[in-house]
Amino acid sequence: MTIQAEKQKLSMDNVVVLFQLDTTPIGGTDIYYFTNSVRPGGASVMFDGVTYTPIAVTASGFGYDGSGSFPSPKLQISNVMGGLTSAVIAHKDFIGAKLIRIRT
């Protein structure tokens with residue numbers, strides 16, 4: 001396999017996961033855009049004209065098998081720098097907010 005072929009293969013296997021957390025359904029005015037994908041140097045990720053801030057995120061529970069109840073996803077967002085503290089307090093842990101996960 002050539003270096004060019006290997007390089008192309010690796011770039012195609014990367015999956016970038018983006019999150020949009022919309023607080024308008026719970027009376028907020030903000031939509032937070034973040035990703036757990038980190039670019040070299042910690043740069044933000046651009047997708048569809050929107051800047052997604054890199055932040056440590058753990059997400060689970062998105063599976064749905066077509067039977068039974070809907071999934072209840074769980075999302076843990078790092079708040080090391082304290083940037084989300086006031087938002088979490090104001091929106092009661094974002095319960096009822098709309099979360100969109102984009103895998104690309």
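A: Strand S2 (residues 31–35) runs parallel to strand S4 (residues 50–54), and 2 bridges link the pair. Strands here are DSSP E runs of at least two residues, helices are H or I runs of at least four, and both are numbered from the N terminus. Two strands count as paired if DSSP finds at least two bridges between them.

Q: Which residue stands opposite Pro54 in S4?
A: That's Thr35.

Q: Before we go on, what kind of model is this, and how are residues numbered?
A: It's a predicted model, where local features need pLDDT of at least 70 and side-chain atom pairs count only at pLDDT 80 or more, while totals for chains, interfaces and linings use all residues. Numbering starts from 1 along each chain as its sequence is written, and side-chain values use heavy atoms, with hydrogens and water left out.

Q: OK, and how do S1 and S2 run, parallel or antiparallel?
A: Antiparallel, with 5 bridges joining them. As for one of the residue pairs, Phe19 has Phe34 in S2 as its bridge partner.

Q: Switching to side chains: what does Gln20 touch?
A: Gln20 belongs to strand S1 (residues 17–22). Leaving out residues up to four places away in sequence, Gln20 touches Tyr32, Tyr33, Tyr52, Lys98, Leu99, Ile100 and Ile102, a contact being heavy atoms within 4.5 Å.

Q: Which side chain makes a polar contact with the one of Gln20?
A: The side chain of Tyr52, at 2.9 Å. A polar contact is a pair of N or O atoms within 3.5 Å; within protein, one must be able to donate a hydrogen and the other to accept it, and residues adjacent in sequence count only if both atoms are side-chain atoms.

Q: And the overall pattern along the sequence?
A: The chain reads α-β-β-β-β-β-β-α-β, with 2 helices and 7 strands.
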